[in-house]
Amino acid sequence: MTEVRHEDVAAYALGLLGEEEKAAFENHLAGCGSCAAEVESFTAVGELIKGVHPDDLLPSPPDPQVESILVRKAIAERRRRRFHRTFMTAAACLVVAAGVFLAGSSFMGGPNPDSVHSPARALLMTGDTYSATDSSTGVSSVIGLEDKGWGTHVALELKGVKGPLQCRLMAVGDDGRSEVVASWGVPAAGYGVPGSPDPMLLHGGTSLPQDELNHFTIQTSDGKTLGTITV
C-alpha cells in the first residue's frame, strides 16, 4: 500500500508524484478538505511556474526568494521519505540477522562463562606456567605467574573437581609464609568433569615476589588439600 502524507500536497500540485502515488493521493483528497484547499492554492502557483520557460530566466540567475521554493520542498520531502524507507529496510535486515545469530548461538550452546576469563587465559598463555594432577583427588590444575612490582600476578585453571565446595588458592613462600590468592565456590556440577567439561578460570595476586614462591595449594574451606603445584 502506498503511504500518503499531507506533505504530498506540493508534490501533487506540481506533478512530481508517480502514477501510484498520484492515484493514492487523489483518493486521500476525496476525504481531506484541508489538503484539497491547499492543492488549489499550490496549483495556481504551480501553473505560474510551469508557464516560465527556463530560457526566459537567462542570463540572469533566478532570485532565490522567488525561485521554485515549492519544488525544492517537494523534492526534499520525497528524498527524506526514500531515506526513511531505506533506513528502515536496513534496520529490519539487521534485526533479522541478529535474531538468526542469537538463535544459532542458543541452539549450539556456548562455553561456560566461568571458563572464559580473558585476564586469566591471557596469563596462562604468556606467563610462566606450572601444572600438577593430584592422584588422590583427581584434581588437575595449571598455574600461570607474572612478576609485578607489587608481587605476583597469578592465574589458575582448575579441572576434575565436583561441588558444592568453597575453595581457596594459597601461595606459599620459600620462608613458609602463606597468603590467600583467591577464593571461589564450586557449583554442584563441578568443573572439568563428565557433564561439565569446561575448566574454571580465575586470577588473583600475592605480595610474594615470583622468585620467592615455593608452591601453591588448592584447599577447601575446611582445610582439605585438593592439589599442590610446585613452582
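Helices (H or I, at least four residues) and strands (E, at least two) are DSSP runs, numbered from the N terminus. This is a predicted model, in which local features need pLDDT of at least 70 and side-chain atom pairs count only at pLDDT 80 or more, while totals for chains, interfaces and linings use all residues. Residues are numbered from 1 along each chain as its sequence is written, and side-chain values use heavy atoms, with hydrogens and water left out.

**The whole chain**

Begin by selecting the protein chain, which has five helices and eight strands. Along the sequence the pattern is α-α-α-α-α-β-β-β-β-β-β-β-β. Of the 231 residues, 32% are buried, where buried means under 20% relative accessible area, exposed over 50%, and partly exposed in between (1.4 Å probe, protein chains only). The chain exposes about 14000 Å², and carbon and sulfur atoms supply 58% of this area; accessible areas come from the Shrake-Rupley method with a 1.4 Å probe, and for residues only the protein chains shown count as cover. Among contacts (heavy atoms within 4.5 Å) with a separation of 6 or more, 57% are between residues 24 or more positions apart.

**The sheet β1-β2-β3-β6**

Next, select β1, β2, β3 and β6. These strands form an open sheet of four strands in the order β1-β2-β3-β6, with antiparallel pairing; two strands pair if DSSP finds at least two bridges between them. β1 (128-133) and β6 (200-206) stand at the edges with a single partner strand each, so one side of each has no neighbour in the sheet. Neighbouring strands of this sheet are turned by 20 degrees against each other on average, direction ignored. For such angles, axes are lines fitted to C-alpha atoms, for helices over the stretch in contact, and angles run from 0 to 180 degrees between N-to-C directions.

Is β3 mostly covered or uncovered? Eight of its nine residues are buried, so described by the cut-off above, under 20% relative accessible area. β3 also pairs with β6, antiparallel and over seven bridges; there, V154 stands opposite G204 in β6.

Select β4, β5, β7 and β8. They make an open sheet of four strands with the order β5-β4-β7-β8 and antiparallel pairing. β5 and β8 are the edge strands, each pairing on one side only. From one strand to the next, the twist averages 15 degrees. β7 and β8 run antiparallel and are joined by five bridges, and F216 stands opposite I229 in β8.

**The nonpolar cores**

A nonpolar core is a set of buried Ala, Val, Leu, Ile, Met, Phe, Trp, Tyr and Cys residues joined through side-chain atoms within 4.5 Å. The largest core has 23 residues, of which I143, L156, L158, L169, W184, F216 and I218 touch the most other members. At least two residues of this core come from each of β2, β3, β4 (165-173), β5 (178-186), β6, β7 (213-220) and β8 (225-230). β5 gives the most, with four residues.

Which residues does F216 touch, not counting those up to four places away in sequence? They are I143, L145, V154, L169, M170, A171, V181, G227, T228, I229 and V231. A second, separate core has five residues, including A120, L123, L124 and L201.

**Two loop stops**

Select Q210, in the loop between β6 and β7. Q210 counts as buried because its relative accessibility is 17%. A polar atom of its side chain lies 3.2 Å from the backbone nitrogen of D147. Apart from neighbours within four places in sequence, Q210 is in contact with D128, L145, E146, D147 and T152.

Finally, select P164, in the loop between β3 and β4. A cis peptide bond joins G163 and P164, with omega at about 0 degrees. In general, most peptide bonds are trans.

Technical notes: Polar contact = N/O pair within 3.5 Å; in protein donor to acceptor, adjacent residues only side chain to side chain.
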